[in-house]
Amino acid sequence: MKIFLDTANLESIRKYNAMGIVDGITTNPSLLAKEGGDPEAIMGEIVRTVRGPVSLEVINTEFEGMISEARRLSKFGKNVVVKVPLTSEGLRAVKQLSSEEIRTNVTLVFSANQALLAAKAGASYVSPFIGRLDDIGHVGMDVIRDTVQIFKNYGYKTEVLVASVRHPLHVVDAAKIGAHVVTMPPDVLAKMISHPLTNIGLDRFLADWEKTKEIPKAKLALSK
Ligand code: E4P
C-alpha cells in the first residue's frame, strides 16, 4: 500500500521523505492556507521535493475554469495529479483531462456510487473521506471496502486513495481491505512510527550497555 502525506508543510514533507516512506503528497486549499505563505510557491516546491504523485486542487467549480486551471497546475511538474471535486462539472472535467493524459484525483467522495462514477469518468485516483464520514456517525471504512470490491469486480484501474485519515487504525483497516493508497497527516505517520515498547526497550539496552563499562578489567579477563 502506498503512503501519501496529506499536508502542504514542507518541513514535514522533507523530514518523512528522507526516511523513504513517502510515496506521494496530497494537498487541498485548506492545507495550503494553513501554511500562510504564497500557495503557488509552496505547490512548486512540493512538486520539486517529492518524486511521487503530488495532488494539487483546482479552485474553479465550472468546467472551463477547471480545465484551464488543471492545465496550468499540471505544468508545475510531471508528477502533478489534479484534484477535482466530485460534482457534475468535475466529472466532465475528469473525462476531458484524462483524454489529455492529465492525471486526476477525484476528491470530496463520500459514497461508493460517487467513487464508481469517478472511475467511469477516467479518474486516476478516487478519494473517499473516511474521517468526515465517521464524524457524522457513518462508518467511513465501509465506503473503502465497497469501492475496492466494485473496482475489482469490473477491473477499473482507478486507485482507491483513503483520505481524511484521523488515526493509525484507519491505516491498518485500509491496508487489510487492500486500498491502493492512504494519505495521512504527518501526526498520524508519527504515531505509526512510535511505539512505547520500542522506546522502553531501547532505553533498557542502552542502560545495560553502560553497565558493561563498570565491570572491572580483571573480571573481564577471567571470563575469557
Ligand atoms: C484528501 O486529499 C484531503 O486533503 C484530506 O484527507 C481531508 O482531510 P480532513 O477531513 O482531515 O480535512
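This is a predicted model: local features need pLDDT of at least 70, side-chain atom pairs count only at pLDDT 80 or more; totals for chains, interfaces and linings use all residues.
Good morning. I begin with N79, which is found in the loop between helix 4 and strand 4; helices (H or I, at least four residues) and strands (E, at least two) are DSSP runs, numbered from the N terminus. Residues are numbered from 1 along each chain as its sequence is written, and side-chain values use heavy atoms, with hydrogens and water left out.

With a relative accessible area of 11%, N79 is buried. Here buried means under 20% relative accessible area, exposed means over 50%, and partly exposed lies in between (1.4 Å probe, protein chains only). The side chain of N79 reaches the backbone oxygen of G52 at 3.1 Å. The C-alpha atoms of N79 and R48 are separated by 9.0 Å, although these residues are 31 apart along the chain.

R48 leads us to the charged pairs. R48 belongs to a network of salt bridges together with R14 and E45. A salt bridge is a side-chain nitrogen of Lys or Arg within 4 Å of a carboxyl oxygen of Asp or Glu. In general, side chains of opposite charge can pair when their charged atoms come close.

How many salt bridges does a search of the whole structure find? The count is eleven. One of them joins the side chains of E57 and K83, at 3.8 Å from N to O. E57 lies in strand 3 (residues 54–57) and K83 in strand 4 (residues 80–85), so this pair ties together parts that are 26 residues apart in sequence. Both E57 and K83 are buried.

Next, R71 forms a salt bridge with E100, and their closest N and O atoms are 2.7 Å apart. Because R71 lies in helix 4 (residues 63–74) and E100 in the loop between helix 5 (88–99) and strand 5 (104–109), the pair ties together parts that are 29 residues apart in sequence. R71 counts as partly exposed, at 37% relative accessibility, and E100 also counts as partly exposed, at 28%.

A further salt bridge brings together the side chains of D135 and R166, at 2.6 Å from N to O. This pair links distant parts of the chain, 31 residues apart, with D135 in helix 7 (residues 130–135) and R166 in the loop between strand 7 (159–162) and helix 9 (168–177). D135 is exposed, with a relative accessible area of 53%, whereas R166 is partly exposed at 37%.

Let me now turn to the ligand. Which residues surround the ligand? They are D6, T26, N28, K83, F129, R132, A163, S164 and R166.

For K83, an N or O atom of the side chain is 2.6 Å from an oxygen atom of the ligand. For S164, a polar side-chain atom lies 2.7 Å from a ligand oxygen atom. On its own, the ligand has 340 Å² of accessible area, of which the protein covers 86%; such areas come from the Shrake-Rupley method with a 1.4 Å probe.

Thank you for your attention.

Terms used
A residue is near a molecule or strand if one of its heavy atoms lies within 4 Å of it. A polar contact is a pair of N or O atoms within 3.5 Å; within protein, one must be able to donate a hydrogen and the other to accept it, and residues adjacent in sequence count only if both atoms are side-chain atoms.
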